[in-house]
Amino acid sequence: MDVNFSIRLFFAGIFAILQTIFLCPAYAFLEPYDLLYDNGVEAFYSSDYKNVVSYMERALSSYSELRRTKVRCRLQCRDQHPFDESSSDLRFFDAVLHRASCLNECIESVVGSQSMHRVSEDVIQDFHRRIPYNYLQLAYAKLKQPDKAAAAAHTYFQANPEHVEMSHNLEQYKAWEGVQEENFIDREARPHQKAFTAGVKLYDRGEYEEAIAYFEEALEEYYKADVECRALCEGPQSFGEHEHLNYRPALYELISDHFTQVLHCEHECVRDLATRPGRLSPMENYLPLHYDYLQFAYFKVNMIQEAMECAQSYLLFHEGEEFMTENVDYYREVLGQEVKPREEAQRYIKRHRQELDLLRVGSENLGVEYTEGNYWSSSGGREDVNRIPSGTDGWMEYVPISEKKNVTANEVKELREGGPLVYDSVRLVQNSEALNGTQRVLFDDVISEDECAELKHLAHAVMMAGDGYRGKTSPHTPNEKFEGATVLKTLQYGFEGRIPLKSARMFYEVSEKARQIIESYFMLNSTLHFSYTHLVCRTAITGQQNVRSDLSHPIHADNCLLDPEANECWKEPPAYTYRDYSALLYLNGDFEGGEFIFTEMDAKTVTASVKPKCGRMVGFSSGGENPHGVRAVTGGQRCAVALWFTLDPLFRELERLQADEVMESLNNQQQLDHGLSINPKDEL
């Protein structure tokens, strides 16, 4: 009897699905965002900017609405048709079928036929990268709506911080009449990250009560976002590892493979929610840090029970961590009672551990090795933070570290400087302390006036506009002409007789001299290799200097992507992550502007300024501890030899290795010629 009942339910479910499929509306209630996007792009290239705005805004709205609908329907249908752990196979599949029917009805009642909203991976990636906002900011600018252009440009730039042209556009919008600071908003800001960032800023200013409100909001929004992220994981899965096989799984194998993919996706929500727009690396220890900040902030406002609750919650993620365990002991002593961790943290950790157990089983079924990663790793522990010294009533000063892995300043502080200058003529002008930073140095008299003049003459003979950075004529600013040449190119010109070979050799030898000085001064234990060498000049363009608000070279770091808002530097592509040290050897000072500047990681606070002149060289480590840039060259021409170095021989500059071979050949030829002039019979 029970079996017949189950069979009837089974076929009733199938009938419901077929009915939904065939009776769904023939039209879509929600316009497909990929079609709107394509129309917007077409309008842009037709200079129809009103329609660019119309189509792109509707595309973004449709994209968001489709996402919200999927989340709402999946959560709603999950609640309406739960899986009964004690049910038979048929009852399980009955729930599956009814949930599928529920999803189809729920989603299509809002968006219309789902087949109309199947979008290519390229379009999906464009929306993830916020490409529509690039079109929007240009269209709004053409339509003389600078406030909306500023918001669109800022939104795009948050996800594409390396986009040089957009940074220039933002500077221009700031100068436009009617544009206010509040117009520069991130229209796609994630609520949990926005609240967390606001909390950290207040915390750093010692405004603990206000910070608590934001951290609590951030936690609430985080757990909401986590639920949404997991719901979105329930869509179609890719079985890429099987695509090259004749993959014909049985029923339970298919269910297992699909469910394992969903589990992996849900587990990755930890990374997704901790990753800022435009970044590949998540903020390490992100969720536990909320409880870390809160426990100290609650302590500062004398809410000890709440402080202990948050401290206990932190220990769920990092069981037994010494500094927090000591804090809990202190709270327990003050309160005279035990306080449990927060319920939402307990539920989260319990589910996370269940997922890990299931992932191990699922990975074994797929025949792959599963390695558990610690998504909340504290990077090997922290010293002297948040400790309550025994026998005292107070706390030591403390600011949590959210991303030790990508902030290289702490690492370079352990490095040394002050080694021998190698050459007698070279003078040390300023060290790191005088330059208000770490691993910074300024030298004079690295080369002579005659050498400066010869290299500058070489530059004029060899360089072409934009040569050096993928052919761009103005890679950093349209208000200056940019020209460059490499060592290998100058040697080739020397061989061809276009320039004196002596001058080309001097460029090679001067760059080697700079490398030896940097390697020796910073007392490196291994060889410093060339990563890139560039003879470069920047020339102010006449008539474009009156209203400049840009820099000759925007503030940046050489081996990581500077993120001023997060006070981070992300060591990931497209940054040249293998670069370890940098140097700039100046050839002249007879121009206006063009000062080299170091800043804090906010890219605004200038910590040191260097006025170029012949023979002066500034050297520094290439990480986020040394953000730097060049002020606008407003008159004349500024020339320098730019050098980047790496400690990893795998990333040696290929052109430099070729130049080494050319120089070795030249030296051998010189020796041979010298030998022939002494004893021609040696050739016989």
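**Figure 1. Surface and overall make-up of the protein chain in the predicted model.** The protein chain exposes about 34,500 Å², of which carbon and sulfur atoms supply 51%. Of its 684 residues, 49% count as buried, and its secondary structure comes to 21 helices and 16 strands. Among contacts between residues at least 6 apart in sequence, 75% join residues at least 24 apart.

**Figure 2. An edge-to-face aromatic pair formed by Phe44 and Tyr45.** A search of the whole structure finds 39 aromatic pairs. In the pair shown here, the ring centres of Phe44 and Tyr45 are 5.4 Å apart and the planes stand at 85°, so the arrangement is edge-to-face, the class for planes over 60 degrees apart. Phe44 counts as buried, with a relative accessibility of 17%, whereas Tyr45 is exposed, its relative accessible area being 62%.

**Figure 3. A stacked aromatic pair formed by Phe215 and Tyr293.** The two rings lie 4.9 Å apart, centre to centre, with 15° between their planes. Because Phe215 belongs to helix α10 (residues 208-232) and Tyr293 to helix α13 (residues 286-300), the pair ties together parts that are 78 residues apart in sequence. Phe215 is buried, with a relative accessible area of 0%, and Tyr293 is buried as well, with a value of 4%.

**Figure 4. The largest nonpolar core, with 48 residues.** Phe196, Phe215, Tyr223, Leu287, Tyr291 and Tyr331 are the members that touch the most other members of this core. At least two residues each are supplied by α9 (191-204), α10, α12 (269-273), α13, α14 (304-317), α15 (322-335) and α16 (343-366), and the largest share, 10 residues, comes from α13. In soluble globular proteins, nonpolar side chains tend to be buried together.

**Figure 5. Charged side-chain ends over the aromatic rings of Tyr493 and Phe591.** The charged end of Arg498 sits over the ring of Tyr493, at 4.2 Å from the ring centre. In the other example, the ring of Phe591 has the charged end of Lys611 over it, 4.7 Å from its centre.

How values were computed
Residues numbered from 1 in each chain as written. Predicted model: local features only at pLDDT ≥ 70, side-chain atom pairs only at ≥ 80, totals over all residues. Heavy atoms only, no water. Phe/Tyr/Trp six-rings, centres within 6.5 Å; stacked < 30°, edge-to-face > 60°. Buried < 20%, exposed > 50% of the residue type's maximum accessible area, 1.4 Å probe, protein only. Helix = DSSP H or I, 4+ residues; strand = E, 2+ residues; numbered from the N terminus. Lys NZ or Arg CZ within 6 Å of the ring centre and 35° of its normal. Core = buried A, V, L, I, M, F, W, Y, C linked by side-chain atoms within 4.5 Å. Contact = heavy atoms within 4.5 Å. Areas by Shrake-Rupley, 256 points an atom, 1.4 Å probe, with all protein chains shown as cover.
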